[in-house]
Amino acid sequence: MIKDESVEKMIDESQQGTPLALQHNDKNTRKLYIESYGCQMNFSDSEIVASILSKEGFNTTQLLEEADLVLVNTCSIREKAEQTVRKRLEKFNAVKKINPGMKVGVLGCMAERLKSKFLEEEKIVDMVVGPDAYKDLPNLIQEIDEGRNAVNVILSKDETYGDVAPVRLNSNGVTAFVSITRGCDNMCTFCVVPFTRGRERSRDPQSILEEVNDLWERGFKEVTLLGQNVDSYLWYGGGLKKDFEKASEMQKAISVNFAKLLEMVAEAQPKMRIRFSTSNPQDMTLDVIESMAKYDNICKYIHLPVQSGSNRILKEMNRLHTREEYFELIDNIKKIIPDCAISQDMITGFPTETEEDHQDTLSLMEYVKYDFGFMFAYSERPGTLAERKMEDDVPEETKKRRLSEIIDLQQKHAHFRTQEHLGKVEEVLIEGPSKRSDAHWMGRNSQNTVVIFPKEHYQVGDFVNVKINECTSATLIGEALEYSKNN
């Protein structure tokens, strides 16, 4: 029997801190070592950084000791992520004693949150660069080469990196992420993202289509359109989402929303699978669900974070939807796309959460019966509205118990959902060997569930029709019948 293979997360624990590697350019003379932590957006940003620096004479290395420049792309979403980065900086410090010419830079959300404090607190750091300042890296590197510290944490109103072709790093050559928005306008009280990634702006749809077409030409079979909140994608010639109401009638007439973008991408490459992440219940509209139903190549899976089942807590979190509105959205998804999988993010132990609020969360989960989910106990993040205005008053042992109850219920529902696939024939895109058995392939169906089956003559990147014979709570196990029509 093959054991569970974990579902993909926005924060994939197996990827954290992996040094990135790309093709060697003989003309480049300096060596860059870059590690990424946090969500997929950070890993996508590291590809942009590597692309910019490859034009500045840097090849990537996976050997820390030989690096001229060490960059760590950081996350501020949870305290654990920041502690991990501080430990890594201690390690870099030890290497720097052996290689004093090595320069160290901190990128990303933690850089944005701490700004120049980083230079004071972490004496090892030479450079601090926020998520919107990566095009300034050549200038910043010149500064540190000349012996000065360098900081650029200015958040932009228009930077989307739409004109930088990311270098695909550590890729399986089959699936890729394409960034479509940056920043977030939703001021959820628990979240640091609006302060570390700035106001929301959307990328030119033509540059997105060019990147998707290029990925197809290079053999990729699946793209995930990526953003802090993809449903609020809105292109009207550039500018912030919040300024759309001031746009001209012509700009409004030619504007592209998320549903339209999905259709454009699906039609551009009809044999390529299209996914997207992350959605926000308050911004997801019926036209997005209808676009998903209309095109076979748009995967039947929505990551739809709810965070709590209690209306009172949702209000405290500044989530601009109610429990009832969320149920209505779920009902519409199930009506229009009956086989759509839905996953959640859940925070338990938010300030003032009562036992009644917790029971509301459990009853919401019973209503939806999510395919999978990512569940956390609340931890206060510096700089958020909750940290400034609310007392973290739920005892740790209560948080742990409530989290345990949520996880137990989710596992029960996950098993219920995987059992629904038994006996069906489903298209699977092969991503690579199974982690548990070298004789099996691992891929995913449209619903994003991991499927394991014997290798036979199939190869990575093939679309295969697989009959599902067994399941665990996270994995489907089957046998390949034939190539699907998408090869």
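Two strands count as paired if DSSP finds at least two bridges between them. Keep that in mind, everyone, and thanks for coming. Strands here are DSSP runs of E with at least two residues, helices are runs of H or I with at least four residues, and both are numbered from the N terminus.

A word on the source: this is a predicted model, where local features need pLDDT of at least 70, side-chain atom pairs count only at pLDDT 80 or more, and totals for chains, interfaces and linings use all residues. Residues are numbered from 1 along each chain as its sequence is written, and side-chain values use heavy atoms, leaving out hydrogens and water.

How confident is the predictor? pLDDT is its confidence in each residue, from 0 to 100. The protein has a mean of 88, and 91% of its residues reach 70 or more. Please be careful with residues 1-11, though: pLDDT stays under 50 there, and the model has 45 contacts for them beyond four places in sequence. Contact means heavy atoms within 4.5 Å.

Now to strand β10, residues 222-226. Which strands does β10 pair with? On one hand there is β7 (residues 175-179), which runs parallel to β10 and is joined to it by five bridges. Here V178 stands opposite L225. On the other hand there is β13 (residues 273-277), also parallel to β10, again over five bridges. In β13, F276 is the bridge partner of L225. Is β10 buried or exposed? Five of its five residues are buried, meaning under 20% relative accessible area, against over 50% for exposed and partly exposed in between (1.4 Å probe, protein chains only). In a regular strand the side chains alternate between the two faces of the sheet. In β10 both faces are covered, with E222, T224 and L226 buried on one side and V223 and L225 on the other.

Let me finish with some backbone details. The peptide bond from S277 to T278 is cis, its omega near 5°. T278 sits in the loop between β13 and α10 (286-294).

Where do we find positive phi in a residue other than glycine? One case is N318, with phi near 60°, in the loop between α11 (311-316) and α12 (323-336). N318 counts as partly exposed because its relative accessibility is 32%. Another case is K369, where phi is near 55°. K369 lies in the loop between α13 (355-368) and β16 (372-377), and it is partly exposed, at 26% relative accessible area.

That's my tour; over to you for discussion.

Notes:
pLDDT is the predictor's confidence in each residue, from 0 to 100.
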